Amino acid sequence: MIRINQISKTYKMGKVGLHPMDLLIAPGEIIAFIGGNGAGKSTLIQLLTNILKPTTGTIDWGEQQFSYMPDDLEFPTHVTAWELLKLLGAIKAVEDEKVLLAATTVGLQNHLHQRIETFSKGMKQRLAFAQTLLANEDVMILDEPTNGLDPYWVKWMQTILDAKRKEGKTIIFSTHDISFVERLADKMLFFNEGRVLFQYQAKEWRENPKSLEETILDQLNRVHSSNS
Ligand SMILES: Nc1ncnc2c1ncn2[C@@H]1O[C@H](COP(=O)(O)OP(=O)(O)OP(=O)(O)O)[C@@H](O)[C@H]1O
């Protein structure tokens, strides 16, 4: 269990990124953070990954380790995909066949000897995903993982994450892709102005006559009209 207790973040100049919040994340759970721009999703992800130091609160990970796929990962440009993955494989004591398998899983097997600077946005995103798969930790934290992916690779990522769920991995991700949430998540938290405005279990949105997309759009419309 990951226990988040009264975690909050106030940035310099007093800007609140996240108001104090509690959250329990069970092993094997797939949890999605959604909400409009500037709602607090990345702030929480960066608190979870220790990139940001919390203003208040704690996160108790127990014995669990996480791997992290940032949004817009900066790669060393002059190395090839294979050089990068092989180095990560060496750090994690993963043999070459498994490194190749991770590259093949994300469809980069024919681009391994290409320099990363020649990759498209979607290819870089898949390379970042391969790194997360290689790390093979109990918890995967993915910041906007489908950004830049074409529909084929979005579907494929969903299939891979579904398989990871069956292996018992916990998956935490932020996204603006509601259909990805609908197809994959067990629970979603809707953020607004640094607070969780509401949360839903998959059962609730599957039984609701309104689609999750309509529900979210209603909420976003409400947020925007109360701000204008
Ligand atoms: N480094 C920073 N300094 C000051 N304020 C920040 C900083 N990073 C984020 N914020 C503010 O914190 C709030 C939450 O931002 P956050 O990046 O968590 O939003 P988000 O939900 O991830 O948005 P998006 O969907 O646009 O990525 C916003 O008001 C943002 O302006």
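1. How much space lies in the largest pocket? About 300 Å³. This is a predicted model: local features need pLDDT of at least 70, side-chain atom pairs count only at pLDDT 80 or more, and totals for chains, interfaces and linings use all residues. Residues are numbered from 1 along each chain as its sequence is written, and side-chain values use heavy atoms, with hydrogens and water left out.

2. Terms for the pockets. The grid is 1 Å, over the protein atoms alone; a pocket is an open set of points where a 1.4 Å probe fits, with protein on both sides within 12 Å along at least five of seven lines. Lining residues have an atom within 4 Å of a point. Points are joined across faces, edges and corners, and the volume is the space filled by probe spheres set on them.

3. Lining of the largest pocket. Among the residues here are Val94, Lys98, Leu101, Leu133, Ile160 and Glu167. Helix 3 (96-105), helix 4 (121-135) and helix 5 (151-166) each give two or more residues. Helix 3 gives the most, with 4 residues. Helices (H or I, at least four residues) and strands (E, at least two) are DSSP runs, numbered from the N terminus. By class, the lining has 7 nonpolar, 2 polar and 3 charged residues. Asp, Glu, Lys and Arg count as charged; Ala, Val, Leu, Ile, Met, Phe, Trp, Tyr, Cys and Pro as nonpolar; the others, Gly among them, as polar.

4. Second largest pocket. Its volume is about 210 Å³. It has 15 lining residues, and Tyr68, Leu88, Gln131, Thr132 and Ala135 lie nearest its centre. Strand 5 (66-69), helix 2 (81-91) and helix 4 each supply at least two. Helix 4 has the largest share, 5 residues. The classes are 10 nonpolar, 3 polar and 2 charged.

5. Ligand shell. The ligand is surrounded by 13 residues (a heavy atom within 4 Å). Gly38, Lys41, Ser42, Thr43 and His176 are the closest. Helix 1 (residues 41-48) brings the largest share, 3 residues. The shell divides into 2 nonpolar, 8 polar and 3 charged.

6. A polar side-chain atom of Asn37 lies 2.9 Å from a ligand oxygen. Polar backbone atoms also take part: that of Gly38 is 2.8 Å from a ligand oxygen, and that of Ala39 is 3.0 Å from one. The protein covers 63% of the 630 Å² of accessible area (Shrake-Rupley, 1.4 Å probe) that the ligand has on its own.

7. Strand 8 (residues 187-192) and strand 9 (residues 195-201) run antiparallel, joined by 6 bridges. Strands pair if DSSP finds at least two bridges between them. Lys187 has Gln201 of strand 9 as its bridge partner. The hairpin has 2 residues between its strands, and Glu193 in the turn has a positive phi of about 45°.

Key: Polar contact = N/O pair within 3.5 Å; in protein donor to acceptor, adjacent residues only side chain to side chain.
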